[in-house]
Amino acid sequence: MTVPDDEARVIPISAAPSFEEPEPLAKLLAFIRRRITGDYEVDEFGYDAELTDKVLLELIRPLYHRWFRVETVDLKNVPDEGGALVVANHSGTLPVDALMMQVALHDEAERPLRLLGADLVYQLPMLAHLSRKTGHTLACREDADRLLRKGELVGVFPEGFKGVGKPFSERYKLQRFGRGGFVASAIRAGVPILPTAIVGAEEIYPKIGDLPSLARLLGLPYLPITPLFPLLGPLGLVPLPSKWMIQFGEPIRTDEYDASDADDPVLVFNLTDHVREVIQQLLNELRLRRGPAFPPFF
Amino acid sequence: MTHTVLVTGVSRHVGARLASVLAADPDISRVIGVDTVPPPSLTRDGGISLGRTEFVRVDLRSPDIAQVIAAADIDTVVHMSLVSAPSRSAGRAVMKEHNVIGTMQLLGACQRSTTVRRVVVRSTTAVYGSSPRDPAVFTEDLESHEGPSHGYAKDAVEVEGYVRGFARRRPDMAVSLLRFANFMGPGVDSPLTRYFTQPVLPTVFGFDPRLQFVHEDDAVEVLRRMATEDHPGTFNVAGAGVLLLSQCARRAGRPTLPLFSPAFRLLGDSARRAGLVDYSPEQVRLMSYGRVVDCSRLEAELGWKPKFTTGAAYDDFLLSRGLHPLGGVRH
């Protein structure tokens with residue numbers, strides 16, 4: 001039987017008078033069933049949206065809400081749809097700031113964040129696939145361009161290991177921003193750059209020393225000494241409960257540039273510098289606004 | 001226009017299916033199938049009717065292939081005869097000779113021919129290798145950081161080098177190079193399909209690679225179009241979407257056995273020696289880092305998409321082997 005086009009309409013099942021929201025238990029069972037039978041989708045980068053939302057982020061949400069009491073500022077600057085490049089400062093010895101920013105954008109702006117990570121992440125067992133399942137991928141030009149073209153919200157930390165592994169004495173001082181590859185990607189895709197400041201991560205594992213030879217032996221970029229690690233062993237891995245704030249700055253437009261401008265090193269360098277200055281400015285203001293790292297003590 | 005098509009590798013499943021499809025096409029006057037071994041018999045080994053295909057038994061490594069091409073006024077050559085795993089009796093050296101020397105002989109014969117004007121070569125996405133330092137999705141013009149260093153994938157890289165050289169020397173010919181993802185489907189028998197039918201699936205601990213498959217029906221259709229129309233260039237061929245290895249195991253209802261990579265390698269090696277599975281070192285890399293390719297160039301060129309997604313191709317394979325997830329069939 002055929003139906004004329006103008007009569008065929010999709011009526012959501014929830015609009016039916018007899019439709020009731022399924023019980024939480026029924027939902028849970030359906031979820032478990034899907035997971036056991038492999039009946040779910042991952043995208044070409046390996047992002048498993050359901051697992052991320054229901055399990056992986058769920059595990060770190062208590063950290064976000066209770067432990068760090070993360071507060072977001074100016075969420076309105078995050079575009080509701082379409083590609084954008086979130087550029088943030090990186091700190092904290094372990095990249096906990098990346099996960100907190102992901103929770104903030106996922107839960108409060110309802111945008112999955114596609115982070116670009118170092119290649120080390122993809123060589124390490126466990127981290128390699130968990131990182132892909134949560135939507136992250138390798139920081140390289142091809143992946144960044146592809147995600148931005150698909151209209152995804154892509155997150156980068158241009159400081160890389162220089163930022164996340166810097167000593168406590170240099171906290172809230174932005175490190176060098178690499179070669180500005182992220183700016184070139186934004187220009188090629190014509191998407192806005194969203195300068196973002198994260199305050200609070202600097203105090204979670206204050207790095208007061210380093211074990212460079214042992215780090216080299218283990219193939220790690222650095223091996224930190226913090227007031228509690230390695231002194232307390234695994235217990236030293238518990239992050240200090242600093243107060244966090246994440247501010248999203250005014251988007252910096254790149255759509256007035258030509259895609260070929262991405263190959264102009266002077267332009268890319270100047271824009272990179274500009275983004276860096278904007279983030280440093282945001283960071284200074286937000287740090288003042290937050291006040292003490294461990295309120296109400298110090 | 002009358003067509004005479006030569007298909008190499010017709011004693012293997014996809015080659016045989018292609019030959020039978022071409023033989024059924026009224027626009028094609030002759031189909032000549034060659035291989036080093038005769039096609040499996042129809043009744044015994046689930047062989048495929050080759051229709052009016054004329055079979056010639058030729059060892060590709062010998063110059064005999066030139067005589068076949070010269071004698072039959074062939075205008076289209078479809079080279080399917082790449083062996084992906086060493087046979088138990090012959091071993092790796094013979095496989096490499098078959099793949100690389102065989103292709104050189106065939107291309108040499110095509111270059112001297114005055115009738116051949118279209119050459120289609122089957123390659124594999126394995127030429128991209130698998131590495132934690134490469135982009136997540138490969139397009140045709142990307143080159144991997146760490147190219148494949150062993151086995152089938154290395155052969156394919158060398159074969160592609162000769163094909164590109166050939167295309168440069170004979171710019172008048174339409175040369176298509178097809179990089180297929182792993183074949184999947186009811187009739188496919190490959191190291192990977194044999195892997196998924198094992199009672200327990202060994203995996204590399206801490207890794208969950210992204211895999212991509214192309215259904216045999218789609219592979220045959222792509223080859224048929226390439227053999228009957230001019231589509232010069234290099235194309236990735238894979239079903240849309242990806243499956244994670246863990247997802248494949250769940251859909252098959254098979255438990256996984258995570259092993260540290262040295263143990264995985266050791267197990268693979270001993271299983272190969274015992275003749276249980278075909279295994280090569282590049283499979284450890286695939287089983288760790290996975291591989292995904294972009295097929296938009298093929299879709300734009302043909303104005304056509306593979307009918308089966310990666311997931312649908314895999315499900316069709318499971319259905320044919322009677323494999324299903326824990327607790328019955330998926331909805």
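Predicted model: local features only at pLDDT ≥ 70, side-chain atom pairs only at ≥ 80, totals over all residues.
Which residue takes a positive phi just after helix 8 of chain A? A:Gly190 does, with a phi of about 65°.

Step back into the helix. Helix 8 of chain A covers residues 181-189. Eight of its nine residues are buried. They include A:Phe182, A:Val183 and A:Ile187, but also A:Ser185 and A:Arg188. What do these buried residues pack against? Their neighbours in chain A are strand 2 (84-88), strand 5 (153-156), strand 6 (193-199), helix 6 (141-149) and helix 10 (265-290).

In chain A, seven strands form an open sheet with mixed pairing, in the order 1-9-6-2-5-3-4. Strand 1 (71-73) and strand 4 (137-138) of chain A are at the edges. Each has a single partner strand, so one side of each lacks a neighbour in the sheet. Helix 8 of chain A packs on this sheet and touches strand 2, strand 5 and strand 6. The direction of helix 8 makes about 160° with that of strand 2 of chain A.

Now take strand 5 of chain A. Strand 2 of chain A pairs with strand 5 in the parallel sense, over four bridges. One pairing puts A:Val87 with A:Val156. Strand 3 (residues 113-117) of chain A also runs parallel to strand 5, joined by three bridges. Here A:Arg114 stands opposite A:Val154.

Side chains alternate between the two faces of the sheet in a regular strand. Strand 5 of chain A shows two such sets: A:Leu153 and A:Gly155 point one way, A:Val154 and A:Val156 the other. All four are buried.

Cross to chain B. Its contact with chain A involves 22 residues of chain B and 22 residues of chain A. On the chain B side, helix 7 (residues 245-252) gives the most, with three residues. By class, that side has 12 nonpolar, six charged and four polar residues.

Helix 4 of chain B (residues 151-169) has 19 residues, which should span 27 Å at 1.5 Å a residue. The count of steps is one less than the number of residues. The end C-alpha atoms of helix 4 are 28 Å apart, which agrees.

Buried residues of helix 4 of chain B include B:Tyr152, B:Val159, B:Val163 and B:Phe166, along with the charged B:Lys154 and B:Asp155. Their cover includes helix 3 (92-112), strand 5 (118-124), strand 6 (174-180) and helix 9 (282-289) of chain B.

Conventions
Residues numbered from 1 in each chain as written. Chains lettered and ligands numbered in written order. Buried ≥ 20, exposed ≤ 12 C-beta atoms within 10 Å, placed from the backbone. Contact = placed C-beta atoms within 7 Å. Pairing = 2+ DSSP bridges. Axes fitted to C-alpha atoms, helices over the stretch in contact; angles between N-to-C directions.
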